[in-house]
Amino acid sequence: MSAKGSLFEELTQWGIGHNSYLNPNVEIYEDPITGLSFKALKDLPPETKISTCSYETSLSYLNAVEFPGFLRHSPPFPPGFLSLLCKDDPNIIGFFFLIQQYLMREKSFWWPYIRLLPQPGNTKDLPVPCMWPEEDVKFLEGTNAEPPIRKRNKMWKAEWEGAVSLLRANVKDWEDYTYKLYQWAATIFGSRSFRASLTIAEQMVDNDPLIQMHVRKDHFSVLLPILDIGNHNGVNNADWHPTKEVGLSFSNRAQIGEGDQVYNFYGDKSNSELLVAYGFILPKSSNAEMDKDSINLRIRPTQPASLALRRRQNCHVIPSNVEEEFMYAVQRRAGQTGLPEFALLPHGLLDTILCLFANSREREVLSSDLSYCPGKDPGLYQRSLMRSAVQMLNLLSQKLRLDIARIKQAAAFSENPQANNQRLAVEYRDRQLAVLEAALRPISERLQIFQSTSSFCAHPQHAIINHPNFTSSNHSLNDGELLSLECAFNWLHIHYSELFTSIISLISEDQGEPLPLDWGILIEDWNRTYWIVWIFTIMVIAEGNGRSASPGLQSSHAYVISWLASMMQPKYCILPTFLFERVIMLGNSPHGYSIDDSVVRNSIATSELMADQSEHETINNMLHAISHLPQLHAINPNIASSRTANLEKYRNFASYLVHEETLPLQYTMHNGQALEQLVLCIQKKDK
């Protein structure tokens with residue numbers, strides 16, 4: 001028997017001598033890839049007990065405080081050290097207890113176990129990134145693994161400094177408890193221990209409320225000699241059975257063949273979690289269920305109303321852990337989803353973003369059905385949520401692109417990988433990129449359709465049929481569309497050319513800009529102003545609906561009238577309810593919907609102009625001038641007799657729509673340039 005084999009045998013006999021167990025048909029061996037491992041010497045049928053770790057041999061905070069059933073076998077720590085850390089940081093006590101046992105060496109009860117652990121100072125045997133040299137950690141920059149590595153090291157340093165200061169006055173050899181040993185102990189616990197709630201039988205802690213709370217909330221973890229040798233391959237073929245009389249037992253669910261490695265199961269962990277905690281990632285797999293590559297996205301609503309709405313929704317369970325509440329895993333394997341662009345995204349992420357972007361009308365829609373699951377709804381763009389859904393697409397696109405750029409930028413400054421850690425980091429990094437790019441692709445394609453197509457424009461590049469990503473399945477113009485200011489005025493040019501010419505002349509004179517107007521310049525500072533002008537104009541046209549003088553809106557975009565009417569509904573608008581009672585839909589109209597003349601004059605009564613104070617003068621002067629244009633009177637003769645108060649209602653309601661129903665988005669101009677601007681979302685369908 002080799003020297004290592006002799007140590008394995010001594011460990012086994014030590015465990016058996018203290019009521020632990022290892023199946024005689026399972027051996028401990030050194031695997032070239034996984035290190036210490038279990039191997040089946042014979043076929044193991046399902047439900048075979050593989051190993052048991054008795055509470056006599058487990059090692060944790062409970063031993064340090066000598067909780068009943070958990071002996072210390074060593075000198076106690078000072079009472080002040082234990083009492084100060086016991087309430088909030090029991091895991092720190094466990095780390096120091098392991099250091100104490102290591103320093104005792106052969107005198108430690110746990111020495112047969114500790115001497116087979118990766119030893120302090122041997123970074124080759126401690127492969128977790130927290131223990132990597134800095135030159136290796138650099139290869140993880142920009143990935144999901146980098147922040148928790150930095151966070152752990154910072155946290156460990158603070159924990160050690162606080163705890164060792166408590167030892168300094170009462171422990172003679174306190175200087176032996178170095179930060180290097182604390183890192184080692186924390187790494188051993190982080191890579192080998194088991195959660196207390198899965199390990200400690202409840203009957204053992206019934207009489208101590210503090211310990212009971214620590215166990216239930218996993219405030220500390222437990223080392224389980226022998227049993228912890230089992231490695232992880234991502235397949236849940238393990239059952240754990242904690243009992244007060246025996247300890248924790250581990251058995252297999254499915255048959256294990258002779259000569260095969262016997263694996264434990266660390267939980268349904270992503271490769272990011274595995275790399276940070278254990279120093280390895282699972283190999284690529286064609287089995288979607290075994291694909292553990294994922295990217296974490298953290299998105300949290302900041303507005304109280306949005307946060308409250310998200311927490312009231314009950315479609316998806318919100319994690320009890322505060323740090324996990326707004327952390328979402330994007331995976332390469334597709335989930336059950338309503339729309340293909342969101343197939344790789346967790347549904348809870350979509351809920352959160354919609355709450356984040358929802359305006360008052362959309363919050364009303366979401367609040368009306370708290371069990372509604374947007375990620376599972378193939379008709380998402382038809383539920384009066386199209387505006388916030390497009391903003392969601394835009395945010396996700398920006399976030400994914402930013403993460404891709406961050407990883408690529410970091411990779412550009414990395415040298416060719418030399419060490420094993422570096423090669424592992426590069427593989428992990430490349431697979432993170434693959435997840436990001438796979439998630440971005442369908443989102444980007446759908447967003448590009450929204451950003452560059454419009455039925456209002458006569459520009460060839462804005463025609464949906466000419467779009468490279470157009471298919472019948474993503475033809476969102478059936479549900480609604482986004483309208484840029486340039487396209488809005490271009491539509492006015494097509495259908496009301498004389499009116500358009502007069503309004504454009506007014507804008508040119510007001511801004512001191514030559515004709516034809518360069519909308520790319522105007523939208524930089526006056527985007528909101530001229531949206532109010534356009535919507536005001538369309539409302540006046542809509543009031544004249546049904547007259548022969550206004551065929552454009554009726555013939556090409558009659559749904560705009562119905563959209564305006566829907567925006568006037570009390571549940572969507574901030575105006576008094578009684579003012580909307582006369583908003584009517586003329587179902588017998590050959591052109592669809594209409595708005596009664598008097599309803600428009602009497603119902604649009606928002607109390608203020610929703611625009612920056614610096615824009616008020618321009619808006620008021622423009623609308624006053626437009627309301628006196630003979631071309632507008634020809635379309636709607638009643639505008640000439642409208643009182644100033646009524647025109648203010650038009651103006652205020654137009655500003656309300658601009659405030660509520662636009663969104664910032666890059667949109668393709670007539671010249672092909674994509675510019676960030678406010679675009680108006682007009683819903684056609686509403687389920």
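His73 counts as partly exposed, at 34% relative accessibility (buried means under 20% relative accessible area, exposed over 50%, and partly exposed in between, with a 1.4 Å probe and protein chains only). Its phi is near 60 degrees, a positive value in a residue other than glycine. His73 sits in the loop between α2 (61-64) and α3 (79-86); helices here are DSSP runs of H or I with at least four residues, strands are runs of E with at least two, and both are numbered from the N terminus.

This is a predicted model, where local features need pLDDT of at least 70, side-chain atom pairs count only at pLDDT 80 or more, and totals for chains, interfaces and linings use all residues. Residues are numbered from 1 along each chain as its sequence is written, and side-chain values use heavy atoms, leaving out hydrogens and water.

Asn19 also has a positive phi, about 70 degrees, although it is not a glycine. This residue turns up in the loop between α1 and β1 (21-22), and Asn19 is exposed, with a relative accessible area of 52%.

On to the strands: β2, β3, β10 and β7 line up in that order as an open sheet with mixed pairing (two strands pair if DSSP finds at least two bridges between them). The edges are β2 (26-31) and β7 (231-232), each pairing on one side only. β7 runs parallel to β10 (residues 261-264), with two bridges between them, and Asn231 stands opposite Tyr263 in β10.

Then there is α19 (residues 519-543). A cis peptide bond, with omega about -5 degrees, joins Leu515 and Pro516, and Pro516 lies in the loop between α18 (497-511) and α19. α19 has 25 residues, yet its end C-alpha atoms are only 27 Å apart, short of the 36 Å a straight helix would reach at 1.5 Å a residue (the expected span is 1.5 Å times one less than the number of residues). The helix bends by about 100 degrees at Trp526, the bend being the angle between axes fitted to the seven residues ending there and the seven starting there. α19 is mostly covered, with 20 of its 25 residues buried.

Finally, Arg387 belongs to helix α15 (residues 386-412) and is buried, at 5% relative accessible area. Leaving aside neighbours within four places in sequence, Arg387 is in contact (heavy atoms within 4.5 Å) with residues including Phe357, Glu362, Glu660 and Cys681.
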